[in-house]
Amino acid sequence: MADALVVGDHIVVRSRSDAFVTVNDRPVYAATRLSVLDQQGKLLSSTDYGFTLAAGYTGEWLMMLSPDGFVMVQASAGTRLLHFDAQARLTGSATDLYPAGDYAPAENGGAVDGNGFWLATTFSLLPVTDKTQYLLKLCKFDFNGKQLTPPFTTSTSALHPRVAAAGGAVLAGWLENGGAMLAMWAKGAGAPTVRSLGTGGAQPYPVALNAAGKMGVLWNGKATVAAAGGVMGVALDSNGAPVLPAGRTDLTQETLSTNWGGNARATEIDAHAFSGGVTIAASVVGAFKTGDTPGDVLVLADYAVNASPLSAQAPVLLRFTLSSGASLGASPVFRQMLFADHALLLAGDDSGLQAFYTKRNP
C-alpha cells in the first residue's frame with residue numbers, strides 16, 4: 001500500500017503496480033494499482049493502470065476527494081492531474097497544472113477544501129544542478145485544474161511541501177535550510193503568514209484539527225526514528241504561531257506520545273480531524289505489557305482540540321499488536337479510514353496489506 005482514501009461508502013487503495021522500469025539494474029515500480037474495498041476491508045475490485053497514467057513515472061501521487069470521485073496529482077517531478085470516478089475508473093483526459101516552462105515542478109503537497117484543492121509545489125530552475133534552489137508556490141485549483149488564486153511564492157529554498165486545509169484556511173509546511181517552515185493562510189486573509197518552527201530540523205506535517213479551520217502541525221521529535229522525543233505536535237493560532245503553555249517557548253517539550261509505550265518507529269505520521277479533535281495512527285517499538293519482549297505496537301490516539309496546547313490533552317489511547325507478535329514490514333504505511341460508526345486502520349507496505357477494525361464513538 002502506498003496510500004488510501006475513503007470515497008463515499010467504500011475505500012480506494014493505491015499500491016504497487018506490476019509494471020516497472022529498470023534503474024541501475026534494479027526494477028522500480030509504478031504505484032498505480034487502484035483497488036476498491038468495502039467498509040469492512042473486503043476487496044471488491046482492482047485495476048492495475050501501470051504506466052498508462054504517466055509514461056515512465058515511478059514517483060508518488062496525491063489522492064484527493066472530488067465531487068464525482070477523486071483526483072490524483074503527481075507528487076514528484078510533475079503536476080499531471082487525473083480524474084477517477086468513485087469506483088476508481090479513469091475518466092476524461094489528463095491536465096497539466098503547470099505547463100512546461102523555465103521552471104520544472106519537483107514536489108507537491110495538496111489538500112482539498114470546498115470547491116477545489118490547494119497545491120504547494122516546489123520548482124527548480126532548469127537545468128538542475130547540485131546548487132539548484134527550489135521555489136515554493138502555493139495555489140488553489142478547482143477540480144478541473146483552473147487556478148482559483150494566483151500562485152503565491154512562499155519560499156525560494158524549499159523541500160518536501162505538505163498541506164492541510166479546512167474551513168477556508170490552509171497551512172503549508174516544508175523544510176528550508178535544515179529548518180521547519182510554515183505558511184498559514186487564514187480564511188479571508190489576503191496572503192499567508194510565513195514563519196519558522198523550531199522542530200530541530202524535523203519534517204513538519206500540517207494537519208487540520210477540526211472542520212472549522214483550526215490548524216496544527218505534527219513532527220517526529222528529533223528528526224530520526226531512534227532518537228528520543230517521539231511524536232510531537234502543536235495547535236496554531238490564526239497567524240500560524242504555536243499554542244504553548246504560559247512561559248514556554250521550547251517546542252521539544254510538546255510530546256504527544258508520552259503514554260504510547262515505546263519509541264516512534266516511522267517518521268511519517270497519519271492524522272485526521274475527527275469528531276471535533278484529531279486522531280493519530282502510528283507504531284512504536286516497545287513492550288505491549290510488562291515482561292513482553294519489545295516489538296511492534298500499533299497505536300491509535302485521539303486528542304481533543306480546545307484552547308489548551310495539544311500536549312496538555314489526555315489522549316484516548318488504543319494500543320495493540322499483530323497476531324502472534326508478528327512484526328510490521330520494513331517501511332509500513334498507515335492510513336485511517338474513518339466512517340460514521342467505525343474505522344479501519346490500514347497497515348501495509350510493498351509486500352501486503354492488513355486491515356484492523358475499530359469501533360469509534362464520535
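Strand E27, residues 333–338, supplies 3 residues to the lining of the largest cavity, the largest share of that lining. The model examined here is a predicted one. The lining as a whole consists of Glu 268, Ile 269, Asp 270, Pro 332, Val 333, Phe 334 and Arg 335. Sorted by class, 4 of these residues are nonpolar and 3 are charged, while no polar residue takes part.

The largest nonpolar core contains 22 residues, and Leu 209, Leu 218, Trp 260, Ile 280 and Tyr 303 have the most contacts inside it. Two or more residues of this core come from each of strand E19 (205–208), strand E21 (231–235), strand E24 (277–286) and strand E25 (295–304). A second, separate core has 18 residues, including Ala 164, Leu 171, Leu 197 and Val 234. Beyond its neighbours within four places in sequence, Trp 260 is in contact with residues including Val 231, Ile 280, Val 299, Tyr 303 and Arg 319.

Aromatic rings form a further theme, with 11 aromatic pairs counted. In one of them, the ring centres of Tyr 49 and Phe 84 lie 5.7 Å apart and the planes meet at 75°, so the pair is edge-to-face. Tyr 49 belongs to the loop between strand E6 (43–48) and strand E7 (61–66), whereas Phe 84 lies in strand E9, 35 residues apart, and the pair thus links distant parts of the chain. Both residues, Tyr 49 and Phe 84, are buried. Elsewhere, Tyr 98, Phe 117, Phe 123, Phe 141 and Phe 143 make up one aromatic cluster.

Conventions
Residues are numbered from 1 along each chain as its sequence is written. This is a predicted model: local features need pLDDT of at least 70, side-chain atom pairs count only at pLDDT 80 or more; totals for chains, interfaces and linings use all residues. Side-chain values use heavy atoms; hydrogens and water are left out. A nonpolar core is a set of buried Ala, Val, Leu, Ile, Met, Phe, Trp, Tyr and Cys residues joined through side-chain atoms within 4.5 Å. Buried means under 20% relative accessible area, exposed over 50%, partly exposed in between (1.4 Å probe, protein chains only). Helices (H or I, at least four residues) and strands (E, at least two) are DSSP runs, numbered from the N terminus. Contact means heavy atoms within 4.5 Å. On a 1 Å grid over the protein atoms alone, a cavity is a set of points where a 1.4 Å probe fits but cannot get out, and a pocket is an open set with protein on both sides within 12 Å along at least five of seven lines; lining residues have an atom within 4 Å of a point. Ala, Val, Leu, Ile, Met, Phe, Trp, Tyr, Cys and Pro count as nonpolar, Asp, Glu, Lys and Arg as charged, and the others, Gly among them, as polar. Rings of Phe, Tyr and Trp (its six-membered ring) pair if their centres lie within 6.5 Å; planes under 30 degrees apart count as stacked, over 60 as edge-to-face and the rest as tilted.
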